[in-house]
Amino acid sequence: MRLKITIIFNEPNSDRYGDMGESKAVASVLEEVRPVQRALSELGHPVVKIPLRPPLELVEEKLRALETDLVFNLFEGFDGRPETEAMVADILSGLGIPFTGNPPSTLSLALDKAKAKAVLKSDGVRTPKYQSLSPENLYLFHLNFPCIVKPLGEDASHGVSEESVVKNLDQLTKQVTKISQLFRGDTLVEEFLEGREFNVTVLGNKEPIALPVAEMVYYLPPELPRLLTFAAKWHEESIYYKGTKATCPAEIGEQERQLISQTALTAFKLLGCRGYARVDMRMDAEGIPNVLEVNPNPDISPGYGAARQAKAAGLPYSKLIEKIVMFALEEHSYSRVEEIVL
């Protein structure tokens, strides 16, 4: 099947992330666009690229004018406005244009880490104990130290550093205040689990499958907390980047593999994921995987994350991209059928 495909993505701009020294994550979307375009062309699809710029009203006009069979959605939200990721997906949905990845409801839910964790917890999926806190309501804190402090509504490890793990009230107060001010909102504070860390990419719609389990392995000095910081992802000269390695398939037994994979599949379904998503987990003291978060728009660049796990499953990069396209068409046909039935 030969399709006219349009790749949309956010054009990097200077913004508050640049002020924090975290602009590299925003610019990285360009490194994802090129290989996706190349893979789609190799599959025989005519491809055009459209970078999106604010305001949102102009984006809707641009998308409405598209002559395309499918949108390959690599849009991650305008710089400093991660909530626009779901808004653009909502526009595509309203226009009836098939697009890859997750629906707007899932993108919006996953962005609010506390709400997502509440959904998981309500269905029995383990997640570290947590609270949504700001400088104004810190007196409500009731968790056990050590804790980790993150922005409530960000991704790409924005705001996560070795200072994120706090061991007393003074450190907690300082970090909650800092993150609240930098990201202009509440923080997610959760008990910090020190067990092994895994992630699983899940592919599919009605009958999703889990790709081989990957493990984040840390080779860090003992005084540094073992966690995937912003530097570990983006700053090649940092001790965290050099001391953080992904291993796939993870060196685990079959029972652990099944438990981790099933947890990922359950989380994928509970959050209403479609197409593809990545589920991040850590083991607790009982050896049970706890879901840290679900990333409904993970990096699909070659050699990283989803692509690495697909390769471990015997799925070449072009085939991974082809599957993502087919899942989008499949999901669109489901939606059209449901609309007709209703």
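Guide: Let us begin with a pair of strands. Strand 5 (residues 147–151) and strand 6 run antiparallel and are joined by two bridges. Please keep in mind that this is a predicted model.

Visitor: Which residue is the bridge partner of Cys147 in strand 6?
Guide: The partner of Cys147 there is Val166.

Visitor: How many strands form the open sheet, and in what order?
Guide: The open sheet is formed by four strands in the order 4-7-5-6, with antiparallel pairing. Strand 4 and strand 6 (165–166) each have a single partner strand and stand at the edges, so one side of each has no neighbour in the sheet.

Visitor: Now strand 1 and strand 3. Do they run parallel or antiparallel?
Guide: They run parallel, and four bridges join strand 1 to strand 3. Within strand 3, Leu70 is the residue opposite Ile5.

Visitor: Which residues of strand 3 lie on each side, and are they buried or exposed?
Guide: In strand 3 (residues 70–73), Leu70 and Phe72 lie on one side, while Val71 and Asn73 lie on the other. All of these are buried, and both faces of the strand are covered. As a general point, side chains in a regular strand alternate between the two faces of the sheet.

Visitor: What does Thr100 touch?
Guide: Leaving aside residues up to four places away in sequence, Thr100 touches Leu70, Val71, Phe72, Asn73, Ile324, Val325 and Ala328. A polar atom of the Thr100 side chain lies 2.8 Å from the backbone nitrogen of Asn73.

Visitor: Where is Thr100 found?
Guide: Thr100 is in the loop between helix 5 and helix 6.

Visitor: And is Thr100 buried or exposed?
Guide: Thr100 counts as buried, because its relative accessibility is 0% and the cut-off for buried is under 20%.

Visitor: Next, helix 6. Which of its residues are buried?
Guide: In helix 6 (residues 104–111), the buried residues are Pro104, Thr106, Leu107, Ala110 and Leu111. Viewed down the axis of helix 6, they fall within an arc of 165°, so they line one face of the helix.

Visitor: Why might residues some places apart point the same way?
Guide: An α-helix has 3.6 residues a turn, so residues three or four places apart point the same way.

Visitor: What covers the buried residues of helix 6?
Guide: The cover includes helix 5 (84–95), helix 7 (113–122) and strand 13 (289–295).

Visitor: Changing topic: how many aromatic pairs does the structure hold?
Guide: The structure holds two aromatic pairs. One of them, Phe75 with Phe78, is edge-to-face, with 5.1 Å from centre to centre and 80° between the planes. In the pair of Phe141 and Phe145, the ring centres are 5.1 Å apart and the planes are at 35°, so this pair is tilted.

Visitor: How many salt bridges are found in the whole structure?
Guide: A search finds 14 salt bridges. One of them joins Glu11 to Arg53, where the closest N and O atoms are 2.5 Å apart. Glu11 sits in the loop between strand 1 (5–10) and helix 1 (16–19), and Arg53 in the loop between strand 2 (47–52) and helix 4 (56–64); the two are 42 residues apart.

Visitor: Which residue meets Arg126 in a salt bridge?
Guide: Arg126 meets Asp284, at 2.7 Å from N to O. Arg126 is in the loop between helix 7 and strand 4 (130–133) and Asp284 in the loop between strand 12 (275–283) and strand 13, so the pair ties together parts 158 residues apart in sequence. Arg126 is partly exposed, with a relative accessible area of 34%, while Asp284 counts as buried at 16%.

Visitor: And which residue forms a salt bridge with Arg282?
Guide: That residue is Glu197, with the closest N and O atoms 2.9 Å apart. Arg282 lies in strand 12 and Glu197 in strand 8 (residues 197–204), 85 residues apart. Both Arg282 and Glu197 are buried.

Visitor: Lastly, which residues are linked in a network of salt bridges?
Guide: Lys117, Lys150 and Glu190 are linked in such a network.

Technical notes: Residues are numbered from 1 along each chain as its sequence is written. This is a predicted model: local features need pLDDT of at least 70, side-chain atom pairs count only at pLDDT 80 or more; totals for chains, interfaces and linings use all residues. Side-chain values use heavy atoms; hydrogens and water are left out. Buried means under 20% relative accessible area, exposed over 50%, partly exposed in between (1.4 Å probe, protein chains only). The arc is that of the directions from the helix axis to the C-beta atoms. Contact means heavy atoms within 4.5 Å. A polar contact is a pair of N or O atoms within 3.5 Å; within protein, one must be able to donate a hydrogen and the other to accept it, and residues adjacent in sequence count only if both atoms are side-chain atoms. Rings of Phe, Tyr and Trp (its six-membered ring) pair if their centres lie within 6.5 Å; planes under 30 degrees apart count as stacked, over 60 as edge-to-face and the rest as tilted. A salt bridge is a side-chain nitrogen of Lys or Arg within 4 Å of a carboxyl oxygen of Asp or Glu. Two strands pair if DSSP finds at least two bridges between them.
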